[in-house]
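Visitor: I would like to learn how to read a structure like the one below. Could you take me through it feature by feature?

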Amino acid sequence: MSNAETPAGVHITLDGVEIEAKPGEPIIEAAERAGTFIPRFCYHPRMRAVGVCRMCLVEVSGPRGFSLQPSCYLQVAEGMQVITNSEKVKKAQDGVLEFLLVNHPLDCPVCDKGGECPLQDQTLAYGPGESRFVEEKRHWEKPIEISKLVLLDRERCIQCDRCVRFANEVASDPFIDFAGRGDHTEVSTFPDGEFASYFSGNTVQICPVGALTARPYRFKARPWDLEEAESTCTACSLGCRMAVQFSRSEVTRFVGIDSEVVNHSWLCDLGRFSYEALDSDKRLTEPKVRYRSEMAEVSWRDAMARVGSHIRSFTAGHGAGSIAFLGGAGFTNEGLYSFVKLAKTAIGTDLFDADLDGGVPASVVFASPRATLTEALAAKVLVVASADVREELPVLFLRLNDAVKKGLRIIEISEVETSISPLAVERLPLSAARVALALQSGGPDAEHLGALVAASAGEEGEGAVFLLGKSNFADPSTVYASLAAATAKKWPAAKFLFANSRANIFGAMDLGAVPGWLPGRVATAPSDDAGQIIARAADEPMLLFLLGVDPLAELPDTALVRSALDNSTVVVIDSFDSAAAAYADVVLPVAAYGESAGTTTNFEGRVTRLGQAVVPKGQSKPDFLIAAEIARELGMPSGPTAPEAILAEMSRELPLYRGLAYADLASNRYPDGLVVPLERKAVSISARPRKLDPIATPGLIAPYHQGPAKPFASEAEAGKAEPGADSPKSPRVQLPEFAIDPAAVSVAADGRLRLLLTRRLYRPTAQLAAAPILSQLTAKAEIRVAPSTLEAIGASDGSEVKLIGDHGTEVLVVAKSDKSLPDGVVQGRLGDGANLLQLVRTGTWATYVKVGSN
Amino acid sequence: MGAFSPEMRERAESLVALYPERRSALIPLCHLAQEEAGYLTQPFMEEIAELTGTTPAEVYGTASFYDMLHTEPVGKYLVGVCTNIACLLQGGGELLEHAEQALGVAAGGTTDDEMFTLEEVECVAHCDKAPAVQVNYRFFGPLTGESFDNLIAKLRAGEYDGVVPPHGTLVRVRRENGIEVPLEEVFAERREMDRAKAERKAAAEAAKAKEGN
Ligand code: SF4
Ligand code: SF4
Ligand code: FES
Ligand code: FES
């Protein structure tokens with residue numbers, strides 16, 4: 001926020017002292033900024049105030065003298081006098097607490113919340129100290145399961161409405177509500193219904209008592225035994241800020257941190273509960289090498305010797321071009337930098353591809369002026385052309401949902417209905433290829449889209465932001481490159497965000513872990529991508545390094561991948577066991593999330609810190625150390641081996657990172673990290689941390705960034721003299737020409753259907769499989785077709801059909817009817833049970849399949 | 001397969017059309033469902049959610065709040081005995097006890113033959129005939145134990161069939177021509193209100209601006 005937006009204040013008197021407040025803000029906020037904490041339960045800075053708990057009553061002056069008013073609900077007004085510490089207020093607080101405790105059980109010793117409970121804490125601080133209640137309390141059956149992840153102990157509930165408001169308003173998943181009345185009020189799902197939300201864990205996080213608990217954490221730890229490390233979620237590329245909490249050497253839970261610019265304290269359930277996998281027996285913990293046909297645990301020294309001899313013999317026998325690195329998007333920036341340096345300098349191979357999805361390519365990402373999330377949400381119009389945001393970058397859906405309520409205009413381009421469709425002013429049911437072609441050669445679709453954008457943005461696209469991403473995982477990435485190129489050409493002043501969702505994929509791009517690029521967004525000669533590398537590996541001898549990926553699960557044409565893995569020498573560097581590990585000659589265990597420090601880059605280019613909570617499990621080592629040790633094995637200088645030092649080298653060597661220092665990221669001054677390159681305007685200051693309001697996210701040990709950042713008057717100047725203010729502008733990358741072939745939109749005349757592949761949040765991955773509770777939610781594969789198509793193939797809703805790919809692959813899968821789909825298309829939803837990726841025809845503009853009833 | 005019969009579904013849809021916000025029709029639809037099934041079954045709540053653009057959980061949450069909406073089965077006759085002050089003074093307490101004996105169920109219970117559900121109710125504004133009893137929201141009183149038994153017997157025998165409809169039916173007279181709303185008039189009125197509001201706001205802002213100078 002800039003100075004210009006800071007509105008003129010109103011003046012109120014708080015306990016006899018005059019303070020300045022922002023027009024329209026509730027008293028509770030103004031008081032908090034002035035350093036006076038008013039107790040509260042129902043008020044949450046990220047949700048609509050409802051004033052139901054009455055804990056925040058204060059005396060407020062009015063035409064008839066002072067009266068008790070809820071300070072969370074009442075807005076400040078010029079000349080208002082507020083008293084927060086009178087006898088009357090104290091009596092009201094006593095009363096409210098005594099009533100709340102009437103029906104609250106004495107569960108504290110066995111309650112997860114005990115020790116971090118707002119009800120406990122505020123009773124101690126503001127309560128009467130003694131209860132006069134001698135009657136029998138309420139009893140409910142306990143706990144009840146409102147979803148696979150969340151349990152509810154109803155007698156602990158104080159009816160603050162936080163969970164219900166979150167479900168209804170923030171997540172738009174209104175599957176819980178208050179039922180009953182008076183002392184029979186309970187939070188309830190529909191009888192036999194479920195609180196099936198991707199965001200259910202947030203209700204546990206904000207519940208001010210122990211009524212809602214998370215199954216994976218229940219009875220795992222006591223709050224006073226927990227320590228925390230500030231970190232960033234890497235389950236997708238949004239990079240939600242969170243605290244990793246741990247007890248002794250075990251990660252016990254993740255808690256969302258309120259970052260103004262990223263996640264507003266929310267996390268999705270996949271991110272929040274992914275720690276479950278860290279302690280599973282599917283972890284790789286020992287280095288292993290293959291002796292004859294058996295894998296044997298060996299020392300790091302022996303494993304390294306084997307890796308070193310492989311590299312030497314492949315280089316000598318087939319040239320460095322026979323060595324390739326796949327994956328790495330799950331690694332830290334420091335690990336990626338070290339591995340890219342190893343590959344491209346020490347070994348001398350160009351073959352490195354971290355983006356197995358084949359999303360929007362780096363050449364387009366670098367050439368397009370990137371928006372920050374804040375800019376995108378404040379845009380005049382946001383055009384979303386990507387796969388379903390809620391499935392790919394879940395918390396981004398929450399931010400969009402909120403922004404739309406505040407006036408953001410969204411135009412959606414999607415062939416299928418998504419979670420964004422109800423938010424959008426209009427959905428254009430067009431494929432990415434069709435839009436690219438339309439923009440390239442004109443026509444009614446292009447005109448229509450043009451008019452929609454022009455309705456609120458400028459001629460050249462000023463004020464418009466495009467969120468572009470792969471919307472059909474059967475498409476080649478060239479479709480998306482063409483779409484982005486055509487869009488940038490038509491709206492040269494527009495800004496972009498890209499929805500490639502793999503963890504640190506943008507860090508991987510920036511650090512040259514993608515074909516055609518060197519670290520620091522420096523172009524080099526084009527080289528093979530993952531698909532081409534695999535195709536080569538099936539024919540010629542190759543040494544493949546798999547960096548935390550399983551190409552069997554991720555690339556189309558499983559048969560080809562299998563023969564490639566069979567045919568090559570494979571080094572698996574991963575934290576989790578996968579199908580590909582069965583083909584390994586060497587397995588090197590890499591430290592998992594929370595086990596090593598470093599940094600990560602999100603989809604805006606925002607670099608944030610990853611905190612180390614516990615020591616690496618077993619013999620596993622941080623990614624950057626493994627790269628350094630391989631380099632040393634090859635007789636090369638290994639360079640720095642601590643994350644701070646590696647980042648220092650990066651900022652010294654690469655203009656992209658100039659001015660970026662680990663100490664800055666670790667300071668409270670840049671709680672939300674920094675967007676690279678550090679051009680002045682791109683630096684987002686999210687105001688200064690506020691230390692009050694421990695009630696917003698109970699359980700956070702250092703509640704620094706609680707609540708929306710509200711720069712006010714002199715605070716707004718905190719944005720001065722950021723690091724990098726004087727750093728050179730990094731050279732602008734030219735947008736390559738991409739032209740789309742009309743074949744990409746041709747309709748098959750012979751009754752074949754175009755395949756449209758989409759993913760869901762709980763897609764089967766090695767890490768999800770390793771999480772005992774979360775894995776129960778793994779999505780099942782299915783296809784959806786228009787009712788008429790379903791009829792035409794002679795199948796019924798829910799029956800199994802056979803899909804036949806162009807190259808003869810057959811897949812059996814359950815078919816569902818979906819009214820929102822057009823004819824001629826089959827939407828395949830990837831998941832467990834059927835490998836729909838196998839149907840994808842690589843090297844063509846679009847994939848077609850035949851459907852046969854079973 | 002919907003829970004509403006085609007005729008009721010049509011009425012439901014016309015009710016939904018009456019409101020600028022679909023969800024406002026939620027409670028009227030609950031009454032329709034009770035008219036059809038006697039109480040709110042899960043399939044009905046699901047269909048109401050679909051009709052009003054809400055979720056079943058929200059319908060259940062709302063329905064469970066109101067005493068006149070039932071999410072558990074109720075008998076054909078919902079018998080409410082008032083035990084509020086006026087009735088209590090006139091023997092409402094004893095009458096309730098008698099009713100429990102006579103029907104063989106405690107307050108809140110339903111007889112095995114699913115004919116009667118007994119309720120203890122707060123003042124139903126029939127104090128002049130205390131102690132008062134309501135059967136499906138039709139009033140009787142003052143009642144003694146004997147006249148209560150009489151009433152039950154008559155209900156059982158069907159003698160009140162024309163007067164007391166089965167539980168769920170609130171109004172027996174249906175408008176011949178459906179519900180007609182002069183939408184044009186309503187919209188015009190709304191527009192006028194919006195305009196006046198905007199005018200007031202502009203005036204207030206102008207005044208403020210002047211003050212500021
Ligand atoms: S369950 Fe927790 S968050 Fe929900 S209403 Fe009860 S106390 Fe509030
Ligand atoms: S939205 Fe992405 S970054 Fe945020 S919690 Fe979920 S997986 Fe993690
Ligand atoms: S009423 Fe203000 S915090 Fe609950
Ligand atoms: S007190 Fe019973 S009807 Fe009023």
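Visitor: How much area do chain B and chain A bury between them?

Guide: Happy to start there, with the reminder that this is a predicted model. The size of an interface is often given as the accessible area lost when the parts come together. Here chain B and chain A bury about 1,100 Å² between them, with 60% of it on carbon and sulfur atoms. On the side of chain B, Gln42(B), Ala57(B) and Tyr60(B) supply 42% of the area buried against chain A, more than any other three residues. The contact draws 13 residues from chain B and 14 residues from chain A.

Visitor: Which residues of helix H3 of chain B are buried?

Guide: An α-helix has 3.6 residues a turn, so residues three or four places apart point the same way. In H3(B), residues 42-52, the buried ones are Phe44(B), Met45(B), Glu47(B), Ile48(B), Ala49(B), Leu51(B) and Thr52(B). Their packing partners in chain B are helix H1 (6-18), helix H2 (26-37) and helix H4 (56-65). Just after H3(B) comes Gly53(B), with a positive phi of about 70°.

Visitor: Why is helix H4 of chain A described as largely enclosed?

Guide: Count its buried residues: 7 of the 9 in H4(A), residues 162-170, are buried, so the helix is largely enclosed by the rest of the structure. They are Arg162(A), Cys163(A), Val164(A), Arg165(A), Phe166(A), Ala167(A) and Val170(A). In chain A they pack against strands E8 (177-179), E9 (186-188) and E10, and against helices H5 (201-206) and H12 (394-405). Ser172(A) follows H4(A) and has a positive phi, near 55°.

Visitor: Which residues are closest to ligand 1?

Guide: The closest are Cys157(A), Cys160(A), Asp161(A), Cys163(A) and Cys207(A), within a shell of 14 residues. Cys163(A) is also one of the buried residues of H4(A). By class, the shell of ligand 1 holds 11 nonpolar, 1 polar and 2 charged residues.

Visitor: How many charged residues are in the shell around ligand 2?

Guide: There are no charged residues in that shell, which has 9 nonpolar and 2 polar ones. Among the residues around ligand 2 are Cys233(A), Cys236(A), Cys240(A) and Cys268(A), along with Pro394(A) and Val395(A).

Visitor: Let us turn to strands. Which way do the side chains of strand E12 of chain A point?

Guide: In a regular strand the side chains alternate between the two faces of the sheet. In E12(A), Arg241(A), Ala243(A), Gln245(A) and Ser247(A) point one way, while Met242(A), Val244(A) and Phe246(A) point the other way. Because 7 of the 7 residues of E12(A) are buried, the strand is largely enclosed by the rest of the structure.

Visitor: Which strands pair with E12(A)?

Guide: Strands of a sheet pair through backbone hydrogen bonds, either parallel or antiparallel. Strand E11 (residues 227-232) of chain A joins E12(A) by 6 bridges and runs antiparallel to it, with Ala229(A) as the bridge partner of Val244(A). E12(A), residues 241-247, is also joined to E13(A) by 6 bridges, again antiparallel. There Gln245(A) stands opposite Arg253(A). The hairpin of E12(A) and E13(A) has 2 residues between the strands, and Arg248(A) takes a positive phi near 50°.

Visitor: What is the order of the strands in the open sheet of 3 strands?

Guide: The order is E6-E7-E10 in chain A, with antiparallel pairing. Strand E6 (144-145) and strand E10 (212-214) stand at the edges with a single partner strand each, so one side of each is left without a neighbour in the sheet. E6(A) pairs with E7(A), residues 150-152, over 2 bridges, and Glu145(A) has Leu151(A) as its bridge partner.

Visitor: How is chain B divided into domains?

Guide: Chain B has domain 1 (6-65), domain 2 (77-157) and domain 3 (181-213). Taken over C-alpha atoms, the centres of domain 2 and domain 3 of chain B are 52 Å apart. In chain A, the C-alpha centres of domain 1 and domain 3 lie 41 Å apart.

Note on methods: Residues numbered from 1 in each chain as written. Chains lettered and ligands numbered in written order. Predicted model: local features only at pLDDT ≥ 70, side-chain atom pairs only at ≥ 80, totals over all residues. Heavy atoms only, no water. Near = heavy atom within 4 Å. Nonpolar A, V, L, I, M, F, W, Y, C, P; charged D, E, K, R; others polar. Domains from an automatic or database assignment. Pairing = 2+ DSSP bridges. Helix = DSSP H or I, 4+ residues; strand = E, 2+ residues; numbered from the N terminus. Contact = heavy atoms within 4.5 Å. Buried area = accessible area lost by both parts, 1.4 Å probe. Buried < 20%, exposed > 50% of the residue type's maximum accessible area, 1.4 Å probe, protein only.
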